[in-house]
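Subject: Structure handover

Hello,

My notes on it follow below.

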Protein chains: 2
Amino acid sequence: MKKEVRVFAPASVSNVACGFDIMGFAIEKPGDEVVLRLAEKPGVRITKITGDQGKLPLDPEVNTAGAPVIALREYASFKGGIEIEIHKKMALGSGLGSSAASAVAAAFAADRLLGLELSKSQLLDFAIIGEKIASGAVHADNVAPSLYGGFILIRGYNPPDIVEIPVPEGLFCTVIHPHTEINTRESRKLLPALVTLEDAKTQWGNTAGLIAGLMKPDFGLIARSLQDVIIEPARKSTIPCYEKIKQASLEAGALGCNISGSGPSIFALSDSLSTARLVGEKMRLALDGNIGSEVYVSAINRRGPYVIEEK
Amino acid sequence: MKKEVRVFAPASVSNVACGFDIMGFAIEKPGDEVVLRLAEKPGVRITKITGDQGKLPLDPEVNTAGAPVIALREYASFKGGIEIEIHKKMALGSGLGSSAASAVAAAFAADRLLGLELSKSQLLDFAIIGEKIASGAVHADNVAPSLYGGFILIRGYNPPDIVEIPVPEGLFCTVIHPHTEINTRESRKLLPALVTLEDAKTQWGNTAGLIAGLMKPDFGLIARSLQDVIIEPARKSTIPCYEKIKQASLEAGALGCNISGSGPSIFALSDSLSTARLVGEKMRLALDGNIGSEVYVSAINRRGPYVIEEK
């Protein structure tokens, strides 16, 4: 057991154009930091949250980082106290798996603090407890990439069937986060309950194509597969300048561009760091100048969460 | 140029549970044979068809093997005559890509006869001309596997985006063909025009999972992905004893079992030849004894069509 553990967990891009609810990948930055510390007073307490502009609850029962720690403390039959600090390094509701990153960081840190040495498959169950608080549903397409790193396919649920997909060398991600907030629960209401068999076929051709493109690897196939005929049409109007930003990224050489999670962040994949940087510049220029934004250019994160320091 | 070419092209299993209209694989047997022969009298003539019980037209314009030969003769600006013999080695309307095999064999043989040396990608367009006559629609999920061999993903159409997926060593296919005929056009009418987003998601999780399972390879993942929540429920009642046969194959150790094409053939995949043989025995026992059947146990065909003899 440790006395204190500080953990980083990465942001993630879910859906990945064609893979609504079943795909995601982790990026090197941004990400959240969680510090766990043993305390004398029994129970779990959140002592500090930074970077959330006061929006996150201090009650650990209803906090995405708090709930996994409570569950892991119970799992370990640990009677002592645990204090939690949460340092949000990305905006809430950005579409980059912010709540998932906090939940993963907390679960990973609790495992280290208590010396449990659980597998990632076991930790996933605890991280999902946190994610469920944020999104109201059990989706693992941010939690699993943030925890495992790399590109993750969730083939199915009941139980989550996590498949690690090899990521080709030379694949880089650009993300622009326009400063508007989208509520994931509300955004889900925009989705159609029914889709045509034709559209569904197009989509599963692309999901299969994207996996094959990543595994071969074949950047041309990845590019042709990064299309979404079902979710993007329903959601794109919620994001300012979406079509202009997408167009600009493709003209700058991106393999593909689409909504990250439920938005408003937009991601693009490129086959080199220089292209990914150019894509970022063009995306920012295509966004209405009155709207603030962050742009992140990053390799794919291949390791998931890691310990920054511990004692 | 040759004087006479005899070509074999393999049967194929399309849809492959989760991959309706976008996936198929070729099997070593059965398959069709086509003989092309130079003739003095200009034009294209079908001189002989065996194994079709008189059901196929002798007019080459409306014959799945004739039409590709006509088109390739025109493409080559060949002024002479070509005679065609078609030897059907599998039943029509069996769900094993019978028309595709004839079209592929004919296109492949015409290429050899006329010394064109076209690529498989070019030959695909000609084989599709034949397939279109049989099925009334441009689907490449039997033609492409029969032509390329192996496991084929057709990511999308316009133009057909053919992706060759590596097939793991040790994968074997069992097919039972119960002696009832299903009309592909009629069978398509049973399909729903709309599907729920939930079912579509389940399906594209499985298409992605099947590709990952084949490429890793991971037989467990292949098994978990060989599911169809959209097409099988709509079509299974058209096939006698379908549920019993599927159940028997799974109990005998098959990785998965589903409808081949639009049926009535049923395929199962297994991780060894001995299991594939046992699956075949159990499938036959599960079929109503009053219904005749053939059972084929076969490796995956990895080469597509080949020349049996030429002079």
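Ala17(B) is buried, with 25 other C-beta atoms within 10 Å. Buried means that 20 or more other C-beta atoms lie within 10 Å of a residue's own, exposed means 12 or fewer, and partly exposed is in between, with C-beta atoms placed from the backbone. Ala17(B) sits in the loop between strand E1 (4-14) and strand E2 (23-39) of chain B. Its phi is near 70 degrees, a positive value in a residue other than glycine. Element names follow DSSP runs: helices (H or I) have at least four residues, strands (E) at least two, and numbering starts at the N terminus.

Some ground rules. This is a predicted model: local features need pLDDT of at least 70, side-chain atom pairs count only at pLDDT 80 or more, and totals for chains, interfaces and linings use all residues. Residues are numbered from 1 along each chain as its sequence is written, while chains are lettered from A and ligands numbered from 1 in the order in which they are written.

Other backbone points:

- Phi of Cys241(B) is near 60 degrees, again positive in a residue other than glycine. Cys241(B) lies in the loop between helix H8 (231-235) and helix H9 (242-251) of chain B. Cys241(B) counts as partly exposed, with 18 C-beta neighbours inside 10 Å.
- The peptide bond from Lys216(A) to Pro217(A) is cis, with omega near -20 degrees. Pro217(A) belongs to the loop between helix H6 (197-215) and helix H7 (219-225) of chain A.
- From Gly263(B) to Pro264(B) the peptide bond is also cis, with omega near 0 degrees. The loop that holds Pro264(B) runs between strand E9 (256-259) and strand E10 (266-270) of chain B.

Next, the sheet in chain B. It is open, with 4 strands in the order E9-E10-E7-E11 and antiparallel pairing. Strands pair if DSSP finds at least two bridges between them. At the edges are E9 and strand E11 (293-299) of chain B, and each pairs on one side only. The twist averages 15 degrees from one strand to the next. Axes here are lines fitted to C-alpha atoms, for helices over the stretch in contact, and angles run from 0 to 180 degrees between N-to-C directions.

Strand E7 (residues 172-178) of chain B is joined to E11(B) by 7 bridges, and the two run antiparallel. Within that pairing, Thr174(B) stands opposite Val297(B). H9(B) packs on the sheet and touches E7, E9 and E10 of chain B, with its direction at about 10 degrees to that of E10(B). Helix H10 (residues 273-286) of chain B packs there too, touching E7, E10 and E11 of chain B. The direction of H10(B) makes about 15 degrees with that of E7(B). Contact means that the C-beta atoms of two residues, placed from the backbone, lie within 7 Å.

How do the two chains meet? 34 residues of chain B are in contact with 34 residues of chain A. On the chain B side, the elements that give two or more residues are strands E5 (151-154), E6 (162-165) and E8 (194-196), with helices H6 (197-215) and H7 (219-225). H6(B) gives the largest share, 14 residues. By type, that side divides into 19 nonpolar, 10 polar and 5 charged residues. Nonpolar covers Ala, Val, Leu, Ile, Met, Phe, Trp, Tyr, Cys and Pro; charged covers Asp, Glu, Lys and Arg; the others, Gly among them, are polar.

A strand pairing crosses between the chains. Strand E8 (residues 194-196) of chain A and E8(B) pair in the antiparallel sense over 3 bridges. The bridge partner of Leu194(A) is Thr196(B).

Regards
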